[in-house]
Amino acid sequence: MEPMAADTAPAAAVRAPADDTAAAAAAELVGIDFAHLARMTLGDASLEAEVLRLFERQAVVLLAHMRDASPAAAAAFAHTLKGSARGIGAWELAAAAEAVERSAERVSASARAVARLAAAVEAARASIVRRLRGHAGGEE
């Protein structure tokens, strides 16, 4: 069962990380439930790494599309990202994507929700980078 998500992100999660230290701190706020991901990938480290790489690419592409899209189109992109985020255990990122979906009818709210989602994507990406470095180094 996934945790309940708050409608507002902590202030630190709203800003994009400026350096590796800030990225690591933000990743701790948003992060990925690696225990959930391990269950989804049946403990296969190479599958986990592939899923993380695919998720990262998808998140970047969808976020770029959202920034140039109408609120309704952004909501559709966010819906896709929400499902993928839930699949890997990125619960807070999924909640941020859901907020974009809910704000589709209000342009100003949609812009704020997309900005929050962008920060969540960056934090998740930082978490992914650290995890993939661990895989490359033989850590689990």
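The model is predicted, so local features are described only where pLDDT is at least 70, side-chain atom pairs count only at pLDDT 80 or more, and totals for chains, interfaces and linings use all residues. Residues are numbered from 1 along each chain as its sequence is written, and side-chain values use heavy atoms, with hydrogens and water left out. The protein chain holds seven helices and zero strands, where helices (H or I, at least four residues) and strands (E, at least two) are DSSP runs numbered from the N terminus.

**The whole chain**

- Reading from the N terminus, the elements follow the order α-α-α-α-α-α-α.
- Of the 140 residues in the protein chain, 42% are buried; buried means under 20% relative accessible area, exposed over 50%, and partly exposed in between (1.4 Å probe, protein chains only).
- Among contacts with a separation of 6 or more, 65% join residues 24 or more positions apart; a contact means heavy atoms within 4.5 Å.

**How confident is the prediction?**

- The mean pLDDT of the protein chain is 80, and 76% of the residues score at least 70; pLDDT is the predictor's confidence in each residue, from 0 to 100.
- Among the elements, α4 has the highest mean pLDDT (96), while helix α1 (residues 11–14) has the lowest (30).
- Over residues 1–29 pLDDT stays under 50, and the model has 33 contacts beyond four places in sequence for this stretch.
- Where pLDDT is low, the predicted coordinates should not be read in detail.

**α4 against α5**

- Helix α4 (residues 45–67) and helix α5 (residues 71–88) pack at an angle of about 160°, and their axes are 10 Å apart.
- An axis here is a line fitted to C-alpha atoms, for helices over the stretch in contact, and angles run from 0 to 180 degrees between N-to-C directions.
- The two helices α4 and α5 are therefore roughly antiparallel; angles under 35 degrees count as roughly parallel, over 145 as roughly antiparallel, 65 to 115 as roughly perpendicular and the rest as oblique.
- α4 and α5 cross in a left-handed way; a crossing is left-handed if the near helix is turned anticlockwise from the far one by less than a right angle, and right-handed if clockwise.
- On the α4 side the contact includes V51, L52 and F55, and on the α5 side it includes A74, F77 and A78.
- The residues of the contact of α4 with α5 are 12 nonpolar, four polar and no charged; Ala, Val, Leu, Ile, Met, Phe, Trp, Tyr, Cys and Pro count as nonpolar, Asp, Glu, Lys and Arg as charged, and the others, Gly among them, as polar.

**α5 against α6**

- The axes of α5 and helix α6 (residues 91–102) come within 8 Å and cross at roughly 160°.
- That makes α5 roughly antiparallel to α6, and the crossing is left-handed.
- Residues in this contact include A74, A78 and K82 of α5, together with W91, A94 and E98 of α6.
- By class, the contact of α5 with α6 has 10 nonpolar, one polar and four charged residues.

**α4 against α7**

- The axes of α4 and α7 cross at roughly 155° and come within 10 Å.
- α4 is therefore roughly antiparallel to α7, and α4 passes α7 in a left-handed crossing.
- Among the residues in contact are L52, F55 and R67 of α4, and V114, L117 and H135 of α7.
- This contact of α4 with α7 divides into 14 nonpolar, one polar and six charged residues.

- T41 sits in the loop between α3 (34–40) and α4, and T41 is buried at a relative accessible area of 3%.
- Leaving aside residues up to four places away in sequence, T41 touches L47, E48 and V51.
- L42 lies in the loop between α3 and α4 but is exposed, with a relative accessible area of 78%.
- L42 is not a glycine, although it has a positive phi of about 55°.

**Residues to find in α7**

- R116 belongs to helix α7 (residues 107–136) and is buried, with a relative accessible area of 13%.
- C-alpha to C-alpha, R116 and A99 are 8.9 Å apart in space, and they are 17 residues apart in sequence.
- A123 is also found in helix α7, and A123 counts as buried at 1% relative accessibility.
- A123 and L93 are 30 residues apart in sequence and 8.8 Å apart in space, C-alpha to C-alpha.
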